[in-house]
Amino acid sequence: MKKFLSSIAVIASFAMAITLSGCTTNSAKGRAAAILTEIHNPQSPNVVVISHRGDWRNYPENSIPAIESVIEMGVDMVEIDIQLTKDSVLILMHDGTIDRCTTGSGWIYNMTYEEIQNYTLKATDSTQTSLNLKIPTLREALEVCKDRITVNIDKGYEYYDLVLALTEELGVTEQVLIKGGRPLADIEAKMSKYENNLMYMPVVWPAGEYGAKVLEEYLAAEEPQLAYEICWGEMTPAIEAYMKMIVADGSKLWVNTLWETICGGLCDDVAYETSADEVYGKILDMGATMIQTDRPEFLLDYLRKRGLHD
C-alpha cells in the first residue's frame with residue numbers, strides 16, 4: 001500500500017522531490033522545505049507547531065495578516081478553514097455563514113464571491129476591524145504560504161479535488177495537509193485517482209468503538225502513516241497504549257491543545273494560566289512532536305527554551 005499521508009519522498013536536495021509514483025514534481029524551497037524535512041522525520045525530537053486559524057488573537061481569523069503574523073513568529077504550519085461559494089470559489093472561512101466573522105450575513109453556498117467581497121472581516125472582539133480586510137480566497141492564502149510555511153486545510157476533505165487542482169497549479173501540493181476521520185479504504189480510493197496527493201492525516205477518538213476500529217485499520221496498514229491526531233476526553237490505559245503504538249510504528253503523534261475536551265484537559269489556556277510544563281511537558285512525554293495551538297507565541301517560547309524548536 002502506498003504511504004498516502006506523504007505525497008513525496010523527502011530527499012537531501014530541496015531542488016526537487018520524488019512522488020510516490022516515481023514522477024518528479026516541484027519541491028518546496030526555503031523554510032517550507034526545512035519544515036517538511038521535520039514533518040517527514042519521525043525520529044526528530046523537534047516539535048512542529050501548528051497555529052489555529054493563524055494569529056487570530058491579533059488579527060481576524062483566517063485572514064492574510066493572521067497568516068503573515070505566524071510566519072514571522074516561526075510557526076511551522078498554519079491551520080485554515082475553507083468554504084465554497086455559489087460560483088465555486090474556495091474562500092477562507094470556518095463557518096458556513098459569514099455572520100460571525102464579517103460585517104455581513106448569509107450562507108456562503110448561497111453567495112457569489114463578488115457578493116461576499118462587499119463585506120469586511122471583523123476583529124477578534126467581533127467589532128469591525130479598521131484594517132478593512134476582505135475574506136481571502138484559498139488561492140491568495142496559498143500564494144502567501146508558498147515556500148514559507150506548511151498548511152493544514154481544515155474542513156477541506158469534501159473539496160479535495162478542487163483543492164488538489166489548485167495546489168498542483170500553484171506548485172504547493174507537498175506543503176498542504178488535510179485531515180479527517182475517514183476510514184483507510186476511503187482515503188485509498190480517493191488518492192488512487194491521482195499521481196500526486198496532499199498529505200492526509202487521520203483524526204481519531206480511540207475511546208469510542210468506531211474510532212478505535214478506524215485507528216486499528218490504519219495501524220495495520222503495510223506502511224506507517226505520517227501522523228495521527230489523537231483526541232481524548234479522559235486518558236485511559238488503552239489510549240496511552242495507542243499513542244505508544246503510533247510512535248513505535250514510525251508515525252508522528254499530533255495533539256490538538258485548543259479545547260480541554262479533545263486533549264484530556266491539557267489545553268493552551270490551562271498552560272497559559274497555570275504552568276506550561278505541566279501541560280505541554282506532559283504532552284511531550286506522551287511522544288507528541290506535532291502540537292496544534294491557539295497560543296503560538298507562548299508555545300514557541302516554551303519549546304525554544306527546551307531546545308525543541310529553532
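Q: In this predicted model, which residues does Val-163 touch, beyond those up to four places away in sequence?
A: Val-163 touches Ile-82, Leu-90, Leu-138, Ile-153, Gly-156, Ile-178 and Leu-198. The largest nonpolar core has 67 residues, and Val-163 is among the six that touch the most other members, together with Ile-67, Ile-80, Leu-138, Ile-153 and Ile-230. A second, separate core of 19 residues includes Ala-28, Met-77, Val-203 and Met-290.

Q: What makes the buried residues of helix H5 lie on the same side of H5?
A: The buried residues of H5 (residues 160-170) are Tyr-160, Val-163, Leu-164, Leu-166, Thr-167 and Leu-170. They cover an arc of only 165° around the axis, and therefore they are on the same side of H5. In general, an α-helix has 3.6 residues a turn, so residues three or four places apart point the same way.

Q: Which elements do the buried residues of H5 pack against?
A: Their partners are the strands E5, E6, E7 (150-154) and E8 (176-180), and the helices H4 and H6 (184-191). Just after H5, Gly-171 takes a positive phi of about 75°.

Q: Why is Val-75 called buried?
A: The relative accessibility of Val-75 is 0%. Buried means under 20%, so Val-75 counts as buried. Val-75 is placed in the loop between H2 and E5.

Q: Which residues are in contact with Val-75, leaving aside its neighbours within four places in sequence?
A: Val-75 is in contact with Arg-31, Ile-35, Val-49, Ser-51, Val-70, Ile-149, Pro-296 and Leu-300. Of these, Leu-300 is 225 residues apart from Val-75 along the chain, yet their C-alpha atoms are separated by 7.6 Å.

Q: Which residues of helix H2 are buried, and what do they pack against?
A: In H2 (residues 64-73), the buried residues are Ala-66, Ile-67, Ser-69, Val-70, Ile-71 and Met-73. They pack against strands E4 (48-52), E5 (77-84) and E6 (90-92), and against helices H4 (138-145) and H11 (296-305). Just after H2, Gly-74 takes a positive phi of about 105°.

Q: How do you know that Asp-76 forms a salt bridge with Arg-31?
A: The closest N and O atoms of Asp-76 and Arg-31 are 3.2 Å apart. A salt bridge requires the side-chain nitrogen to be within 4 Å of the carboxyl oxygen, so the pair qualifies. The bridge links distant parts of the chain, with Asp-76 in the loop between H2 and E5 and Arg-31 in helix H1 (residues 30-39), 45 residues apart. A search of the whole structure finds 17 salt bridges.

Q: Why is Asp-76 described as buried, and why is Arg-31 described as partly exposed?
A: Asp-76 has 7% relative accessibility and so counts as buried, the limit being under 20%. Arg-31, at 26% relative accessibility, counts as partly exposed, because exposed would need over 50%.

Q: What makes Lys-193 exposed, and what is the state of Asp-161?
A: Lys-193 has 53% relative accessibility. Exposed means over 50%, so Lys-193 counts as exposed. Asp-161, at 30%, counts as partly exposed. The side chains of Asp-161 and Lys-193 meet in a salt bridge of 3.5 Å, N to O.

Q: Why are H10 and H11 called roughly perpendicular?
A: H10 and H11 pack at an angle of about 70°, with their axes 11 Å apart. Angles of 65 to 115 degrees count as roughly perpendicular, and therefore H10 and H11 are described in this way. At the place where they meet, Ala-276, Asp-277, Tyr-280, Gly-281 and Leu-284 belong to H10, while Phe-298, Leu-299, Tyr-302 and Leu-303 belong to H11.

Q: How do you know that Leu-215 is buried?
A: Leu-215 has a relative accessible area of 0%. Buried means under 20%, so Leu-215 is buried. Leu-215 lies in helix H7 (residues 209-219). Leaving aside neighbours within four places in sequence, Leu-215 is in contact with Val-204, Pro-206, Tyr-228, Ile-230, Tyr-242 and Ile-246.

Methods:
Residues are numbered from 1 along each chain as its sequence is written. This is a predicted model: local features need pLDDT of at least 70, side-chain atom pairs count only at pLDDT 80 or more; totals for chains, interfaces and linings use all residues. Side-chain values use heavy atoms; hydrogens and water are left out. Buried means under 20% relative accessible area, exposed over 50%, partly exposed in between (1.4 Å probe, protein chains only). Helices (H or I, at least four residues) and strands (E, at least two) are DSSP runs, numbered from the N terminus. Contact means heavy atoms within 4.5 Å. The arc is that of the directions from the helix axis to the C-beta atoms. A nonpolar core is a set of buried Ala, Val, Leu, Ile, Met, Phe, Trp, Tyr and Cys residues joined through side-chain atoms within 4.5 Å. Axes are lines fitted to C-alpha atoms, for helices over the stretch in contact, and angles run from 0 to 180 degrees between N-to-C directions. Angles under 35 degrees count as roughly parallel, over 145 as roughly antiparallel, 65 to 115 as roughly perpendicular and the rest as oblique.
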